[in-house]
Amino acid sequence: MNVVTCIAPINIAVIKYWGKRDDDLILPVNDSISTTLDKDHLCTKTTAMASSDFKEDRMWLNGSEQSMDNPRLQNCLRELKKRAQISEEMQNWKLHICSENNFPTAAGLASSAAGYACLVTTIAKLYKVEGEVSELARVGSGSACRSMYGGFVRWFMGSDPKGSDSIAKPIVPVSHWPDMRILILVINDSQKKVSSAQGMKRTLMTSELIKYRIDKILPTKINQMQQAILNKDFESFAELTMKDSNQMHAVCLDTYPPCIYMNDTSHLIVDLIHSYNATSSKIKVAYTFDAGPNATLFLLEKDVPEFVSVLDHYFPSIENINIEYKKGIAIETILPSKNLLEKINFTKQTAGKLKYIIHTRIGNGPEQLSDCKSHLLNSQGLPV
Ligand code: DP6
């Protein structure tokens, strides 16, 4: 019997991946850049066990057993086996995999990136795979390849039709920008979404604007973003981040039928942030949105208490003893100055538009947990 447990982080793109040139190998139409978030607040944990006693491959996700009959999962496992450095006998042993997120799945936060990054890291250790493995995570979910590293990460689209050069590489480690902070605003929403895979496929088939984004805008923008990160130039970083999010959602709207991911509350958050930045006479906060209504905000540590006091004022929470409203790094509570509130051009909202807030920072890539108490499978290979 062999068992390995690892944890892996989620990542949030600041230059978005939207569109594939190969749907099976998951090869993108543009480079993208992301920030890896601290695993203390958001991560996936996976245990993989191989044993000659197991009769079949089995998998549990967040407490319930799942079918392994999923082409993306099978592609990942096949590629991992190709590069395994263990005996053929062991490679034929059946696998049990158990995976859990440390954040509520209902939050609608992108969990596939952390999920596939964790699966690939764990099984690569189990099979003693050596070398670059971000391309194996990519085969599970494109954005997962960026969760294989910490800090700020660039996924190079590459040009090889087989995808050998479509890999993620770190730009700078987590230590580069220690005062960068992230607020995730989880928005109350019950709408059914078009998945990002379906959405980007439809965009490439129907949008004219996506061609302009890929050919004319991104080649320059991606290097400007990398430079802003290297220079720790917050205002440039923030402006590029907001504009790229807006542009991704613009091409989603240009898709036919359109893919609409942001809702009214998302747009109100955008409006509040522009009003707050205008009042501050500089860009202090940036927003970005993925294929859903939740906002991810970037700001510097020194600006967190003031901005959160403004957010609490305009988006009051509902007192609910069952839900911890502010999760993650503790936030110093201050009252917003009257002067500031008078200048911000924004209307106070009814309570409860935000479900909760997660305050986090940039974090490291995946890691193996050595303590055997951390395994999610018992000695029989069943969830603990
Ligand atoms: C909007 O990685 O979830 O979050 O490759 O089909 O699994 P698949 O898509 P996925 O797409 C993420 C899209 C995005 C932008 C980004 O993370 O870059």
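I looked up Asp244 and found it buried, with a relative accessible area of 5%. Buried means under 20% relative accessible area, exposed means over 50%, and partly exposed is in between, with a 1.4 Å probe and protein chains only. This is a predicted model, so I note that local features need pLDDT of at least 70 and side-chain atom pairs count only at pLDDT 80 or more, while totals for chains, interfaces and linings use all residues. Residues are numbered from 1 along each chain as its sequence is written, and side-chain values use heavy atoms, with hydrogens and water left out.

Which side chain does Asp244 meet in a salt bridge? I found Arg213, at 2.7 Å, N to O. A salt bridge here is a side-chain nitrogen of Lys or Arg within 4 Å of a carboxyl oxygen of Asp or Glu. Asp244 lies in helix H7 (residues 234-254) and Arg213 in helix H6 (residues 209-230), so the pair ties together parts that are 31 residues apart in sequence. Helices (H or I, at least four residues) and strands (E, at least two) are DSSP runs, numbered from the N terminus. Arg213 is buried too, with a relative accessible area of 1%.

**Other salt bridges**

I searched the whole structure and got 15 salt bridges. One of them joins the side chains of Asp38 and Arg361, at 2.9 Å, N to O. Asp38 sits in the loop between E5 and E6 and Arg361 in strand E16 (residues 354-361), so this pair ties together parts that are 323 residues apart in sequence. Asp38 counts as buried at 11% relative accessibility, and Arg361 counts as partly exposed at 29%.

I also checked Asp303 and Lys302, whose side chains meet in a salt bridge at 3.3 Å, N to O. Asp303 is buried, with a relative accessible area of 8%, but Lys302 counts as exposed at 59%.

**Strand E5**

Next I went to strand E5 (residues 32-36), where 5 of the 5 residues are buried. Ser32, Ser34 and Thr36 point one way, and Ile33 and Thr35 point the other way. What does E5 pair with? Strand E2 (residues 11-15) pairs with E5 in the antiparallel sense over 4 bridges, and strand E10 (residues 152-155) also pairs with E5 in the antiparallel sense over 4 bridges. Two strands pair if DSSP finds at least two bridges between them.

**Strand E13**

Is E13 (residues 285-289) enclosed or open? I found 5 of its 5 residues buried, so E13 is largely enclosed by the rest of the structure. Val285, Tyr287 and Phe289 lie on one side, with Ala286 and Thr288 on the other. E13 runs antiparallel to strand E14 (residues 295-300), and 5 bridges join them. They form a hairpin with 5 residues between them, and I saw Ala286 opposite Phe298 in E14.

**The six-stranded sheet**

I traced an open sheet of 6 strands in the order E8-E7-E9-E6-E1-E17, with mixed pairing. Strand E8 (64-66) and E17 are at the edges with a single partner strand each, so one side of each is left without a neighbour in the sheet. E1 (residues 2-9) and E17 run antiparallel, joined by 2 bridges, and Cys6 stands opposite Gln368 in E17.

Thr44 is in strand E6 and counts as buried at 1% relative accessibility. Its side chain makes a polar contact with the side chain of Asn101, at 2.8 Å. A polar contact is a pair of N or O atoms within 3.5 Å; within protein, one must be able to donate a hydrogen and the other to accept it, and residues adjacent in sequence count only if both atoms are side-chain atoms.

**Helix H1**

I checked the length of helix H1 (residues 71-82). At 1.5 Å a residue, its 12 residues should span 16 Å, and its end C-alpha atoms are 16 Å apart, which agrees. The expected span is 1.5 Å times one less than the number of residues. Buried residues in H1 include Leu73, Cys76 and Leu80. Asn70 caps the N-terminal end of H1, with a side-chain oxygen 2.9 Å from the backbone nitrogen of Arg72.

**Cys372**

Last entry: Cys372 is in the segment after strand E17 (367-368). I found Cys372 exposed, with a relative accessible area of 58%. Cys372 and Val4 are 368 residues apart in sequence and 8.9 Å apart in space, C-alpha to C-alpha.
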